[in-house]
Amino acid sequence: MRCPKCNADNDQVVDTRANQEGSVIRRRRRCITCGFRYTTYERFERHLPRVVKRDGRTEAFDREKLARGLTIACQKRPIPGNAIDRLIDDVMDDVEALNAAEVASAKIGTLVMERLRALDPVAYVRFASVYSAFDELSQFIDLIRAITPASAPKRKPRRA
Ligand SMILES: [Zn+2]
């Protein structure tokens with residue numbers, strides 16, 4: 001780990017501890033070159049089920065893709081910066097707790113919508129309007145992108 005102060009790659013771990021749940025490891029490090037002390041965090045790799053798409057194919061759970069879709073749904077809404085990350089963490093906890101080898105993309109969409117509804121109604125409607133037409137994660141994320149004001153041509157409201 002390079003020192004954030006002098007950039008030397010010469011550090012020593014002086015303290016290691018886990019949080020209460022044991023899900024995050026915090027390491028205090030000291031740069032041997034300049035003596036600067038800093039902290040790094042390490043998170044356990046999750047064991048998430050594979051996502052079964054509507055057409056039956058499976059793919060790995062893609063946190064970044066979900067984050068992009070949610071960021072777009074939440075655009076210009078009064079939502080705190082870390083709320084989307086927390087929502088995704090919560091959804092991933094839910095998905096992990098299913099303790100299944102595979103989970104339908106529709107199930108993940110439902111879990112996201114339940115939490116998004118509590119967070120912000122407009123973002124929820126944006127997400128749900130797309131999601132209800134398409135069960136597949138990638139499809140509704142593409143559509144969220146398409147209906148945002150910056151990039152979208154006007155489209156007539158449609159019934160689900
Ligand atoms: Zn240093």
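Is C31 buried or exposed? With a relative accessibility of 1%, C31 counts as buried. Keep in mind that everything shown here comes from a predicted model.

**View 1. Four cysteines hold the zinc ion.** The zinc ion gets its protein donors from the SG atoms of C3, C6, C31 and C34, which sit 2.3 to 2.4 Å away from it. Angles among the four donor atoms run from 106 to 115 degrees, and the site is tetrahedral. For comparison, the ideal angle for four tetrahedral donors is 109.5 degrees. Read along the chain, the donors follow the pattern C-x2-C-x24-C-x2-C. While C31 is buried, C34 is partly exposed, at 38% relative accessible area.

**View 2. R63 pairs up with D89.** These two form a salt bridge, and their closest N and O atoms are 2.8 Å apart. R63 belongs to helix α1 (residues 63–73) and D89 to helix α2 (residues 83–97), so the pair ties together parts that are 26 residues apart in sequence. Both ends are partly exposed: R63 at 22% and D89 at 31%.

**View 3. D90 reaches R115.** Here the closest N and O atoms of the salt bridge are 3.6 Å apart. D90 is in helix α2 and R115 in helix α3 (residues 105–119), so this link joins distant parts of the chain, 25 residues apart. Relative accessibility is 33% for D90 and 30% for R115, and that makes D90 partly exposed and R115 partly exposed too.

View 4. The structure holds 11 salt bridges, including one between D55 and R57 at 2.9 Å, N to O.

Conventions. Residues are numbered from 1 along each chain as its sequence is written. This is a predicted model: local features need pLDDT of at least 70, side-chain atom pairs count only at pLDDT 80 or more; totals for chains, interfaces and linings use all residues. Side-chain values use heavy atoms; hydrogens and water are left out. Donors are N, O and S atoms within 2.8 Å of the metal (3.2 Å for Na, K and Ca); water is not among the atoms, so sites may look incomplete. Four donors count as tetrahedral if all angles lie between 85 and 135 degrees; four count as square planar and six as octahedral if opposite donors are over 155 degrees apart and all others between 65 and 115; anything else is irregular. Buried means under 20% relative accessible area, exposed over 50%, partly exposed in between (1.4 Å probe, protein chains only). A salt bridge is a side-chain nitrogen of Lys or Arg within 4 Å of a carboxyl oxygen of Asp or Glu. Helices (H or I, at least four residues) and strands (E, at least two) are DSSP runs, numbered from the N terminus.
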